[in-house]
Amino acid sequence: MAKGAFDGLRVVELAQWVFVPVAGALLADWGADVIRVERPEGDPYRALATQGIGTDGGGGVNLSVALANRGKRSVALNLRTEAGRAALDQLLESADVFLTSFRPGALERLGLGADELTRRFPRLVYARGHGFGARGPGADRPGYDSSAFWAQGGMAHVLTPPDRDAPIGQRGAMGDRNGAMALAFGIATALLGRERTGEGSVVDVSLLATAMWTLSSDVLAALAGGRPRAMSGRQGYVNPLVGAYRTSDGRHIQLVFLEADRYWADFCRLVGRDDLATDPRFADLRARAENREACVAELEAEFAKRSFDEWKELLGRIDAPWAPVQAVEELLTDPQVLANDYLGEVVVEGGPRYSLPNVPVQLDGAPPALRRAPEHGEHTETVLLGLGYTWEQIVELKDAGVIP
């Protein structure tokens, strides 16, 4: 593996499920030694396969776990025992980052609260991901992306069409993976700050805040005293040249002609409708807004004359913002996805090959090399030996139920 930006940094990760573990995986992508501390019975996410993701299609590999934990090492410790906590303390002595998803109450009971660890290890970057924030009445509530991000964060409300009697459901781990990017960014920022000051920082990212950041345009509208508009297709826009139009074979093309006057005449010529360009009802943005229904009707009729593939070929001739509305499976063969290495391959010696989405960040034109995720507790003995434990002591820990 090529040298990464975080080579030489050690991250001790005490986390479960998706949000915070994905942040750890992103750090591991760029070279950090991420030691994942799991319970003896393992992260419950290892046993969960939902939405068709998991072991299906992975050649026996749980792809969900692989995406969230690639490139890490795994240590299984019973932190409810004195010996388990002592082993964790030794790990923390060598750590640059402590990364956790545990709630404040649990961390305090384990002696792992932010005040305690930053007092003991002043250079430590203490990073925590949570559902609802580190303060306030909801600080100790359990939070998943479907509750803190999707429901309480306003996502379900603004994305549900007004004619539905129940909120739409979210796709798997949307908030988790977005929040993980923010958490990894916060850790990188804190590490840079430590280089300049010699002191660590406490980094906080919540799923609730991630939702609000994602919905910044709607939050700004609310702050200005307005009410965010529910948008469905083109109905939320005054500009008919922004929205999805249905093709003759039932697919859709998304137009995003925000500078509509800039593109209108060229578009009309492209589709052989010079009459629309000279029609006074559609002369400029204001006129098209005033005659929006008529303009939309003309465009709908025009799009219905050609197939999805025909529209893609035709619109490829104009320098204007548009895109095909694709299914996820079409991304796997999308020329832009392939050309930019947005899918990576994990090669396991003596095991299966499988693909995962790469981190969307690239350095010098390339994503980081993907490495496999560890098996539960795979590196327990190796890490303990590195901390100075003898084989006799490791056997004693096994006998005492401290490690599996």
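Q: First up, is Met 181 buried, partly exposed or exposed?
A: Met 181 counts as partly exposed because its relative accessibility is 31%. Buried means under 20% relative accessible area, exposed over 50%, and partly exposed in between, with a 1.4 Å probe and protein chains only. This is a predicted model: local features need pLDDT of at least 70, side-chain atom pairs count only at pLDDT 80 or more, and totals for chains, interfaces and linings use all residues. Residues are numbered from 1 along each chain as its sequence is written, and side-chain values use heavy atoms, with hydrogens and water left out.

Q: Which helix is Met 181 in?
A: Met 181 sits in helix α8, residues 174-197. Helices are DSSP runs (H or I, at least four residues), numbered from the N terminus.

Q: And which residues form the nonpolar surface patch?
A: Met 181, Val 361 and Leu 363. Together they have about 220 Å² of accessible area, from the Shrake-Rupley method with a 1.4 Å probe, where for residues only the protein chains shown count as cover. Patch members have over 30% relative accessible area and no salt bridge, and nonpolar side chains (Val, Leu, Ile, Met, Phe, Trp, Tyr) are joined within 5 Å.

Q: Switching to charges. How many salt bridges are there in the whole structure?
A: A search finds 29. The criterion is a side-chain nitrogen of Lys or Arg within 4 Å of a carboxyl oxygen of Asp or Glu.

Q: Which residues are linked in a network?
A: Salt bridges link Glu 13, Arg 36, Glu 38, Asp 43, Arg 46 and Lys 72. Within it, Arg 46 pairs with Glu 38, with 2.8 Å between the closest N and O atoms.

Q: Is Glu 38 buried or exposed?
A: Glu 38 counts as buried, because its relative accessibility is 3%. Arg 46 is partly exposed at 22%.

Q: How far apart are Asp 309 and Lys 312 in helix α15?
A: They are 3 residues apart in α15 (residues 308-315), so about one helical turn separates them. Asp 309 is exposed at 52%, while Lys 312 is partly exposed at 28%.

Q: Back to α8. At what angle do α1 and α8 pack?
A: About 50°, with the axes 8 Å apart; α1 covers residues 19-29. Axes are lines fitted to C-alpha atoms over the stretch in contact, and angles run from 0 to 180 degrees between N-to-C directions.

Key:
Patches are made of residues with over 30% relative accessible area and no salt bridge: like charges are joined within 9 Å, nonpolar side chains (Val, Leu, Ile, Met, Phe, Trp, Tyr) within 5 Å. Helices (H or I, at least four residues) and strands (E, at least two) are DSSP runs, numbered from the N terminus.
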